[in-house]
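Hi everyone, and thanks for coming.

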2 protein chains.
Amino acid sequence: MIQEKKKAFNNFAVAKGLRSTRQRDIILDTFLSTNQHISVEELYLKIKSGNQGIGQATVYRTLKLFTEAGLAREILLNDGQTRYEHVIAGEHHDHLVCTGCNAIIEFEDETIEKLQKDIAARQGFHMRSHKLEIYGLCIKCRH
Amino acid sequence: MIQEKKKAFNNFAVAKGLRSTRQRDIILDTFLSTNQHISVEELYLKIKSGNQGIGQATVYRTLKLFTEAGLAREILLNDGQTRYEHVIAGEHHDHLVCTGCNAIIEFEDETIEKLQKDIAARQGFHMRSHKLEIYGLCIKCRH
DNA sequence: CATGTAATGAAAATGAATTTCAAAAGCAGA
DNA sequence: TCTGCTTTTGAAATTCATTTTCATTACATG
């Protein structure tokens, strides 16, 4: 699966005439090895801790490339930082965020997806994407 | 309705021991006279254009107060600016955003609301709030 | 391997939002 | 109404994430 993603990025790079660089390889490997929802800063620090010096700007730029290439998706919660998650082909999910401990749980719901398309259509919109976040307190944080 | 909101803010201010000031009156009047989804900058400029000099910081601070008081709600779309909309008692709605012209259409959907609560409950969450945005192209922007 | 161009990184710039702090203004109580 | 205490204000400085700049480095192709 990791190999597939690497290949996917490679295809994208070739198609776009991008060069292959040490930095992009490292950033991709590190991104693929992380959990979901990593912030740019976190990824940058993770790379740094592996003694592989890469500039922050490059991490920012490269994550945008991954997004363009369809391997990553930006998620903006309410903490002022952009996070990135892995895109898994054909899978869409939304987020349940605990306002107590900041835990993020993913979920999917076909019915909601469909209702959204209907709502958009009713207003003459062609739905491109959507964002649904449910905020609340998880079991642990309800004391 | 405007009077009610003013009274509501006044009650909040009294309860919190806040002083009543010229600035807060002007900001509240201006906010209540605007359309939905105004950014802080827009509100600030609107006030400024009325020859009533009020500092930006005060506008920021005051909108936070309105939010606390329950008259306004922060909305964060994907443009990096916080916008505020009016809170209408008991009414909740979500947003349909045109990525072409940035038009924002509000909608409500009981079924989606209910499904969200169910999803949260299924994960042991106590839902506090949620945010749903559908992005797409409106009729005009589909050329 | 030389040459043109893309990518990198450090530092500067940006832009929204927040904080600082001195001055101004509200609010008691005398 | 005056006095004194405290909150609020505003301009400027600060913060913080992100983007841009630009000189340098490193791909890749002839």
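Predicted model: local features only at pLDDT ≥ 70, side-chain atom pairs only at ≥ 80, totals over all residues.

Residues are numbered from 1 along each chain as its sequence is written, chains are lettered from A and ligands numbered from 1 in the order in which they are written, and side-chain values use heavy atoms, with hydrogens and water left out.

Let's stay with DNA strand D. A residue is called near a strand if one of its heavy atoms lies within 4 Å of it. There are 20 residues around DNA strand D, and T82(A), R19(B), R24(B), T58(B) and R61(B) come nearest. Of the atoms of DNA strand D that come within 4 Å of the protein, sugar and phosphate account for 66%.

Several side chains reach the phosphates. An N or O atom in the side chain of T21(B) is 2.7 Å from a phosphate oxygen of DNA strand D. For R24(B), the corresponding distance to a phosphate oxygen is 2.6 Å, and for T58(B) it is 2.6 Å. The elements giving two or more residues to this surface are α4 of chain A together with α2 (22-33) and α4 of chain B. Helices here are DSSP runs of H or I with at least four residues, strands are runs of E with at least two, and both are numbered from the N terminus. The largest share of the surface near DNA strand D, four residues, comes from α4(A).

Now over to DNA strand C. Which residues come nearest to it? Of the 20 residues around DNA strand C, they are R19(A), R24(A), T58(A), R61(A) and T82(B). The side chain of R24(A) has an N or O atom 2.5 Å from a phosphate oxygen of DNA strand C, and a polar side-chain atom of T58(A) lies 2.7 Å from a phosphate oxygen. R61(A) goes to a base: an N or O atom of its side chain is 2.5 Å from a base nitrogen of DNA strand C. On this surface the largest share, four residues, comes from α4(B).

Next, how do the two protein chains meet? With contact meaning heavy atoms within 4.5 Å, 32 residues of chain A are in contact with 32 residues of chain B. The size of an interface is often given as the accessible area lost when the parts come together. Here the buried area, taken with a 1.4 Å probe and summed over both parts, is about 3,000 Å², and carbon and sulfur atoms give 66% of it. I119(A), F125(A) and K131(A) supply 21% of the area that chain A buries against chain B, more than any other three residues.

There are two salt bridges between chain A and chain B, a salt bridge being a side-chain nitrogen of Lys or Arg within 4 Å of a carboxyl oxygen of Asp or Glu. One pairs K131(B) with E133(A), their closest N and O atoms being 3.8 Å apart. From chain A, β4 (94-98), β5 (104-107), α5 (110-122) and β6 (126-137) each supply at least two residues of the side that touches chain B. β6(A) gives the largest share, 12 residues.

That strand also crosses the boundary as a partner: β6(A) and β6(B), residues 126-137, pair in the antiparallel sense over 11 bridges. Strands count as paired if DSSP finds at least two bridges between them. Within this pairing, H130(A) has I134(B) as its bridge partner.

Finally, a look inside chain A. The whole structure holds 16 salt bridges over all chains. In one of them, the side chains of K16(A) and E68(A) meet at 2.9 Å, N to O. That pair links distant parts of the chain, with K16(A) in helix α1 (residues 2-16) and E68(A) in helix α4, 52 residues apart.

Key. Buried area = accessible area lost by both parts, 1.4 Å probe. Polar contact = N/O pair within 3.5 Å; in protein donor to acceptor, adjacent residues only side chain to side chain.
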